[in-house]
Amino acid sequence: MAVLFDPERKLFTLHTRHTTYQMKLGPCGILLHLYYGPRAEGDMSYVLSFRDRGFSGNPYDAGADRTVSADVLPQEYPCEGSGDYRPTAFALRRANGVSGCDLRYVSHEIHRGLPALSGLPAVHCAEEEGETLVITLEDPSAGATVHLSYGVLAEADAITRSAKIVNISDAPIVLQNAASCALDLPGGAWDLIHFHGRHEGERAPERAPIRHAAQCIGSRRGMSSHQHNPFVILADENAGEDGGLCAGAMLLYSGSFACTAEQDPFGLTRLVLGVQSEQFDYELQPFESFQTPEAALILTSRGLADLSHRFHSMILHHVCRGPWVTRPRPVLINNWEATGMNFDKECLLRIARRAAELGVEMMVLDDGWFGSRSDDNAGLGDWTVNETKLGGTMGSLAGEIRSLGMKFGLWIEPEMVNEDSDLYRAHPDWAFVIPGKAPVRSRNQLVLDFSRSEVVDAVFARLCTVLDDCRPDYIKMDMNRSLADVYTASAGMQSRGKVLDGYVRGVYRFLEMLLQRYPALLLEGCAGGGGRFDAGMLYYCPQIWCSDNTDAVDRIRIQYGTSFGYPVSTMGAHVSAVPNYATGRVTPLQTRAAVAMSGTFGYELDLDLLTDGEKEQVRQQIRTFKKYEDLIRFGDYYRLTDAVQDHEAAAWMSADPDGSEALVTIVRLLATGNSPARFIRLKGLLPDAIYRDEATGETYSGSALMHLGLPVPYAPKGDFLSVRIHLEREQDPNEKKRRPIWQNISLMRKK
Ligand code: GLA
């Protein structure tokens, strides 16, 4: 049993294979947090200390007992108005404008499986793999019931959290905050690791001790954003890649969010993660409810690499869905960086023909194929094929590309509209524009009000006309601006939180409809690169374009940061032309490919402009990728250097969890004259095994590779050179044949 309730001690215990989470019904029915850590048995109530602390008030029903205070006790769902003055997870305002709420235990239930959340992404599993505890809290005077859900995915070591809030009063209430989870950790010195960035520079890790001051990250943009990612790690101050206690919290949500971490005066660390409360103000009519997005927690005592492996595994097995999660993904060519919007049919077919000759498997037509779109000032919203540009229908273009033996993919940006479009001229009220206020433009476009189902349905129907005609194998679903003017023309729904949340749910509904109608479709998420790289999108799209920055050196850093929470198979990565358009940097073709191969792998350049020698390299790169694809996607990914701090070399590897093979990539970044020897220590190998370098035949001891490492090559001279080393364990010929790595990963995770 993963969920246990001890009625005598009033203890709730959640066990995963390696971790335990424990709660207690404290005095006055306050739901207290006791423990989240490595697997432990017994009663952890001893962590609670009941003391009379000055200026920390007491619940009325504690009577004369001054030792009970919501201000100091570790809690599960702290709420504003209970006497807890720390950052809270829940706050509401009554119809008369009064705020304040005090939630107390009412009942609990235990169910098999993990619940699907209507209209929202959620961690999923077979019924026998999961168990869910639902604890109901209530404040009748404030008019709110809160159902807290704890999903336990024992083998994946994951615990999911969410809350459903019901208005039980006969008047409207306004939710000012409704976080997905709070985590109160007594004791310990924790660091917060979060991932910040910008367009063309996403997800750089930043680590700082959690002090006696709230540290808040999040997004107010209506999208999870380039600037912050809804994934954070609490790491013990001594935890590193290879060891130490750390816990990750990941929100399965693609809209505005907030995460706050603070140490309280008595040494307790609180983390609150959920929707962005600043913009929330979510009105609930009597008996209406609000389901928060889900957060997934994973904890390990084995350091950051192990934490990443567990998140990768959870995302692959329990977040992503559909046939493409395990299936080899087609190596693609995308015309964007080659042509922009300046193309015609002949130009596209020329690119496709050349790519097909070199072994590329899919041609993706990017922005510019519809309406009057010849630059990024017009046309968004008009999803009718520009047949003059394409020399015929989309179906006929797709047919010609397929006749080259390639699959066909298409770019769309359904959430957006240009004022210079027939759609906007016909339905100006479909865009987010506040009456009487000039809207904020971004990339000269406005955002469609996807909180309105009629808008979603109309855009979907229009796009389906094109999609039915060409039946694409792949869609890149883009989103190229943040939301600013949040106003809906639909009646009775003006609260900003409701519109923003409704927008995100509208996007999810659009994605779900796409997958229902075209079940074989491979979806790639995108938002100006990685502006919506989150687990919510991964529920629909097993891959997301990682960044608009395709410079190999910058990409090493972006993919490094992304890898803390998200697996390689989710990171859209392509080889592009040099000098790179974003940085002007020239990097060798081999290095560009080595970096893109640590992602979904594809090309985004005009292959005709390559020399014959380079074309041959491309052919060879595709063969190499195909050969190692399973190992790259499903192996355990190890960060071997700190890609943010280290300017000399960058290295990473994928190892089969059973230690039988590994693929190591080392990039020498900035070369130095007469350089000292530098070694890169490998990970995830078997110390007693002997490994053979497939290319050179040289053999190495597993132990030596992990304790001394492989040298960074010093020749030839030059910056940004890379090597890829495939190591295979020398096996006794009588040893049993290995299973495919996809099965290995599921089995090995149980260790
Ligand atoms: C965004 C995407 C790019 C490309 C352009 C097209 O910036 O991230 O890859 O599709 O839009 O407008």
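Predicted model: local features only at pLDDT ≥ 70, side-chain atom pairs only at ≥ 80, totals over all residues.
Student: Why is H11 called roughly parallel to H12?

Tutor: Angles under 35 degrees count as roughly parallel. H11 (residues 589–596) and H12 (residues 612–634) cross at roughly 25 degrees, so H11 is roughly parallel to H12.

Student: Which residues meet there?

Tutor: From H11 you have Leu589, Gln590 and Ala593, and they meet Glu614, Gln617, Val618 and Gln621 of H12. By class, this contact has 3 nonpolar, 3 polar and 1 charged residues.

Student: Okay, on to the sheet. How do you know that E21 and E31 pair?

Tutor: Pairing takes at least two bridges. Strand E21 (residues 332–334) and strand E31 (residues 602–604) are joined by 2 bridges, so they count as a pair, and they run parallel. One of the bridges has Leu332 with Gly602 in E31 as its partner.

Student: What is the strand order in the open sheet?

Tutor: Its 9 strands go E29-E28-E27-E26-E23-E22-E21-E31-E30, with parallel pairing.

Student: What makes E29 and E30 edge strands?

Tutor: Strand E29 (571–572) and strand E30 (575–576) each pair on one side only.

Methods: Residues numbered from 1 in each chain as written. Heavy atoms only, no water. Helix = DSSP H or I, 4+ residues; strand = E, 2+ residues; numbered from the N terminus. Axes fitted to C-alpha atoms, helices over the stretch in contact; angles between N-to-C directions. Parallel < 35°, antiparallel > 145°, perpendicular 65-115°, else oblique. Contact = heavy atoms within 4.5 Å. Nonpolar A, V, L, I, M, F, W, Y, C, P; charged D, E, K, R; others polar.
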